[in-house]
Amino acid sequence: MLERIRIVLIGTSHPGNIGGVARAMHNMGLADLALVAPRCEVITQDSISRASGADHLLHSAQVFATIEDAVADCTLAVGASARSRTLPWPMLSPRELADRLPGECQADTARVALVFGREDSGLTNAELQRCHAHVHIPTNADFSSLNLAAAVQVLAYECRMAWLSQADSPAPASQRADTAQPVPVADADDALASHADLERYFEHLERTLVTIEFHDPDKPRQLMARLRRLFLRARPEQMEMNILRGILSATEKAAQPGHHRK
């Protein structure tokens, strides 16, 4: 399970914080670190020192230009948010997030991204709207600011506890070695749509809504944000996404001048 969890840092401005995150990850058995448009050098004396023996994660970290690139292959993206937003999004506590992870990580294609924002301003609304859900660490209201590495440590700890709980749980009698039955392999049609699939759908959806004059980009009225929230909450499967894209293509064709239904 832990190998399917990716820590994504956006716009990090201090190499020491990246090193601290690497240490927090390695402490809890996480190894997939992604950096989006970092505002500092990644490999420095400070980052290596703060990593305290986990500097191999710094060297293996992938660097991306956008959040979309960093989570393209993920089936669940959760953004760390310190405050409520204008448009409410599904909100989880760290423990609620951890409780979901064993189920989320079952499929071979499953990838979970935990997304953290800039030290000074966190994640933008647009970045948070790229996430299926948000996670909020319930800190002291009088002193709520968490160091980036500390925030990662809290969520990484909950991930590890969920993994340990799963490992320590005895298998049901029907699944023990002496009575085990073959576990059916999930049909490919049941696989959840990846983040890249969803982004392609949202682009197609907006283009179609503009074509049929349902959506005016100059007066958006949060339409696309609300539709994002709807479909991200629904967690469509790959086959369902193909059907939705097909509906959009048929709608675009029907909207063309001179098109006549057969």
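User: How do the residues of the lining of the largest cavity divide?

Analyst: Sort them by side-chain type. Four are nonpolar, two are polar and one is charged. Keep in mind that this is a predicted model.

User: Which residues line the largest cavity?

Analyst: Look for Thr-75, His-132, Leu-192, Ala-193, Leu-198, Arg-235 and Pro-236.

User: What volume does the largest cavity have?

Analyst: About 30 Å³. With a threshold of 30 Å³ or more, the count is one cavity.

User: Now the sheet. How do strands of a sheet pair in general?

Analyst: Through backbone hydrogen bonds, and the pairing can be parallel or antiparallel.

User: How many bridges join strand E1 to E2?

Analyst: Five, and the two strands run parallel. E1 covers residues 5–10. To find your place, note that Arg-6 stands opposite Asp-32 in E2. Between these strands the chain passes through helix H1 (residues 15–27), and this β-α-β crossover is right-handed.

User: How many bridges join E2 to strand E3?

Analyst: Three, again between strands that run parallel. E3 covers residues 62–64. Its Gln-62 is the bridge partner of Ala-34.

User: Where do side chains point in a regular strand?

Analyst: They alternate between the two faces of the sheet. Take E2, residues 32–36. Asp-32, Ala-34 and Val-36 lie on one side, with Leu-33 and Leu-35 on the other. Both faces are covered, and these residues are all buried.

User: Give me one more pair. How many bridges join strand E4 to strand E7?

Analyst: Three. E4 spans residues 76–80, E7 spans residues 133–135, and they run parallel. Ala-80 has Val-135 in E7 as its bridge partner.

User: Last, the start of the chain. Is Met-1 buried or exposed?

Analyst: Check the relative accessible area. A residue is called buried when that value is under 20%. Met-1 has 11%, so Met-1 is buried. Met-1 sits in the segment before E1.

User: Which residues is Met-1 in contact with, leaving aside its neighbours within four places in sequence?

Analyst: Leu-101, Pro-102, Cys-105, Cys-159, Ala-162, Trp-163 and Gln-166. Met-1 and Glu-104 are 103 residues apart along the chain, yet 9.0 Å separates their C-alpha atoms.

Conventions
Residues numbered from 1 in each chain as written. Predicted model: local features only at pLDDT ≥ 70, side-chain atom pairs only at ≥ 80, totals over all residues. Heavy atoms only, no water. 1 Å grid on protein atoms, 1.4 Å probe; cavity = no way out; pocket = protein on both sides within 12 Å on 5 of 7 lines; lining within 4 Å. Points joined across faces, edges and corners; volume = space filled by probe spheres on them. Nonpolar A, V, L, I, M, F, W, Y, C, P; charged D, E, K, R; others polar. Buried < 20%, exposed > 50% of the residue type's maximum accessible area, 1.4 Å probe, protein only. Helix = DSSP H or I, 4+ residues; strand = E, 2+ residues; numbered from the N terminus. Pairing = 2+ DSSP bridges. Right-handed = clockwise from strand over helix to strand, strands pointing away. Contact = heavy atoms within 4.5 Å.
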